[in-house]
Amino acid sequence: MFDPVITALPVFASYFATALGLLALFLVLYVFVTPYSEVQLIREGNVAAAVSLAGAMVGYALPIAVSVVVSHSLAIMAGWGVVACIVQLLAYVIARLALPQINQAITQGSVAAGVFLASLSLAVGILNAGCIA
């Protein structure tokens, strides 16, 4: 009854570990690109920073999940992960250029700015995931 599941566990573990590694790498790069420390702001109770970072994480996780489904190898999955990372980071940079005050708004705790960045990340992630499929 559980034989197919047990047999597939090594493959599951390799894809899951790769997905977690890609997510961790994305988070490191995202925090590096933003001019403020999300972790510090979140520790201080800044809801805008938390919402923005959460949206970026979910927006990146969506295309990673799709890449797991459609890829037949870890290399292809990782390749799509790199593409998704670049797309998400570019979306943030474009938002930052279009709305120069967005960074200051996040550090000041503007929930509207956090929701906007989170929504942008989710929208880009959904489109990105759809293009992978």
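Where does Ala56 lie? Ala56 is found in helix 3, where helices (H or I, at least four residues) are DSSP runs numbered from the N terminus. The structure is a predicted model, in which local features need pLDDT of at least 70 and side-chain atom pairs count only at pLDDT 80 or more, while totals for chains, interfaces and linings use all residues. Residues are numbered from 1 along each chain as its sequence is written, and side-chain values use heavy atoms, with hydrogens and water left out.

With a relative accessible area of 0%, Ala56 is buried; buried means under 20% relative accessible area, exposed over 50%, and partly exposed in between (1.4 Å probe, protein chains only). Not counting residues up to four places away in sequence, Ala56 touches Phe26, Tyr30 and Ser121, contact being heavy atoms within 4.5 Å. Ala56 and Ser121 are 65 residues apart along the chain, yet their C-alpha atoms are separated by 5.1 Å.

Phe26 and Tyr30 lead on to helix 1, where they are buried along with Tyr15, Ala19 and Leu22. An α-helix has 3.6 residues a turn, so residues three or four places apart point the same way. The cover over the buried residues of helix 1 includes helix 2 (38-43), helix 3 (47-70) and helix 4 (74-98). Helix 1 itself (residues 3-33) has 31 residues and reaches 45 Å from its first C-alpha to its last, close to the 45 Å expected at 1.5 Å a residue, a span taken as 1.5 Å times one less than the number of residues. Shortly before Pro10, helix 1 has a kink of about 45° at Leu9, the bend being the angle between axes fitted to the seven residues ending there and the seven starting there.

Helix 3 also packs against helix 4, at an angle of about 160° and with the axes 9 Å apart; axes are lines fitted to C-alpha atoms over the stretch in contact, and angles run from 0 to 180 degrees between N-to-C directions. Helix 3 is therefore roughly antiparallel to helix 4, a term for angles over 145 degrees. Among the residues making this contact are Gly59, Tyr60 and Pro63 of helix 3 and Trp80, Gly81 and Ala84 of helix 4.

Gly109 sits in the loop between helix 5 (102-107) and helix 6 (111-132) and is partly exposed, at 28%.

Key:
Helices (H or I, at least four residues) and strands (E, at least two) are DSSP runs, numbered from the N terminus. Angles under 35 degrees count as roughly parallel, over 145 as roughly antiparallel, 65 to 115 as roughly perpendicular and the rest as oblique.
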